[in-house]
Amino acid sequence: MPGTRVLVASDLDRTLIYSSAALALTMPDARAPRLLTVEVHESKPLSYMTETAARLLAELGDAAVFVPTTTRTRKQYQRINLPGPTPQYAICANGGHLLVDGVSDTAWYERVTARLADECAPLAEVRDHMAATTDPAWVRRHRVAEDLFVYLVVERELLPDEWVKDLAVWAENRGWTVSLQGRKLYAVPKPLTKSAAMREVARRTGAELTLAAGDSLLDADLLLAADRAWRPGHGELADAGWAGPAVTVLPERGVTAGERILREFLLASRER
């Protein structure tokens, strides 16, 4: 059947879905796109996509194997209500959990955690270092996600650039990487990747073409691993001027970039 050999692995936040702060509605108010709420948390709307993007995503679900691919924990991912068919596969915790029909694949999780134990400094060491070197003046919350990685919720305007650089060097020497996305700063073990989980789903589904999109440093491996990929004109990768050989750099920023990415996914899927 057309589409059964195409796999689309896409980041969610600031790629397909957007908080109110990330919408970047720079057009005149009267020309702003209609929005659909796709996430509610504590009775408040949290994330959106345009109504057009929602329609495109529903179409994509019929044209390809769509795999939401996120650094969110399973609980955070399950708050999202995307349009279209419910995905059979989802990648959470930056590749640490591979969900199959909503349930984490135990064998995959055990493979991932065994590799982290072999190749990286323990999570506790990274967590304790970050706790000891941060300042309550610019850190709002310390979090451990799924016992796999650490992140901070920070006051971005007060966050010292030098501290971030020093942390990145310290983490690099211990097999970890640092990524700053909006108000969240992540410390993630290097082998904990979205690309590895995407390859596993491609193997299980027999996908012959893989497509991907993302905006952050934690998406770079995913974009490089896909046959074709796209990144928006905003985000950590855009700020760094990052590109890859099969990565298309889009000019759109904010929620309209999500719409463009979905158009590209559909076009590439249908070309098959």
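A: Before we read this predicted model together, we need one term: a salt bridge is a side-chain nitrogen of Lys or Arg lying within 4 Å of a carboxyl oxygen of Asp or Glu.

Q: Which residue meets Arg5 in a salt bridge?

A: The partner is Glu208, and the two side chains are 3.2 Å apart, taken from N to O. This pair links distant parts of the chain, since Arg5 belongs to the segment before strand E1 (6–10), while Glu208 sits in the loop between helix H6 (194–205) and strand E12 (209–213), 203 residues apart. Arg5 counts as partly exposed because its relative accessibility is 35%, and the partly exposed class lies between the buried limit of 20% and the exposed limit of 50%.

Q: How many salt bridges does the count come to?

A: The count comes to 24 salt bridges. Among them is the one between Arg111 and Glu200, with 3.7 Å from N to O. Here, too, distant parts of the chain are linked, with Arg111 in helix H3 (residues 106–119) and Glu200 in helix H6, 89 residues apart. Glu200 has a relative accessibility of 7%, so it counts as buried.

Q: Where in the chain are Arg228 and Glu271, the pair that is 43 residues apart?

A: Arg228 and Glu271 also meet in a salt bridge, at 3.5 Å from N to O. This pair again links distant parts of the chain, for Arg228 is in strand E13 (residues 228–231) and Glu271 is in helix H9 (residues 255–271).

Q: How many helices and strands does the protein chain have?

A: The secondary structure comes to 9 helices and 14 strands. For the overall form we may compare the radius of gyration with the value for a compact globule: with 272 residues that value would be near 19 Å, and the protein chain has 18 Å, which agrees. The C-alpha trace spans about 50 × 45 × 40 Å along its principal axes, and 52% of the 272 residues count as buried.

Q: What part of the contacts comes from residues 24 or more positions apart?

A: When we take the contacts with a separation of 6 or more, residues 24 or more positions apart account for 58% of them. Ala9, which is found in strand E1, gives us a case to follow. Ala9 and Leu223 are 214 residues apart in sequence, yet their C-alpha atoms are 9.2 Å apart in space. Leaving aside its neighbours within four places in sequence, Ala9 is in contact with residues including Val67, Met198, Leu211 and Leu222. Ala9 has a relative accessible area of 0%, and therefore it is classed as buried.

Q: Is Glu39 buried or exposed?

A: Glu39 counts as buried, because its relative accessibility is 0%. Its place is in strand E2 (residues 35–41), and, not counting residues up to four places away in sequence, Glu39 touches Lys44, Pro45, Leu46, Ser47, Arg72, Gln76, Arg79 and Ile80.

Q: How far apart are the mean positions of the positive and negative charges?

A: The mean positions of the 33 positive and 36 negative charges of the protein chain are 3 Å apart. As for the surface, the protein chain exposes about 12,700 Å², and carbon and sulfur atoms supply 49% of that area.

Conventions. Residues are numbered from 1 along each chain as its sequence is written. This is a predicted model: local features need pLDDT of at least 70, side-chain atom pairs count only at pLDDT 80 or more; totals for chains, interfaces and linings use all residues. Side-chain values use heavy atoms; hydrogens and water are left out. Helices (H or I, at least four residues) and strands (E, at least two) are DSSP runs, numbered from the N terminus. Buried means under 20% relative accessible area, exposed over 50%, partly exposed in between (1.4 Å probe, protein chains only). The radius of gyration is taken over C-alpha atoms; the globule rule is 2.2 Å times the number of residues to the power 0.38. Contact means heavy atoms within 4.5 Å. Accessible areas come from the Shrake-Rupley method with a 1.4 Å probe; for residues, only the protein chains shown count as cover. Lys and Arg count as positive and Asp and Glu as negative; His and the chain ends are not counted. The place of a charge is taken as NZ of Lys, CZ of Arg, CG of Asp or CD of Glu.
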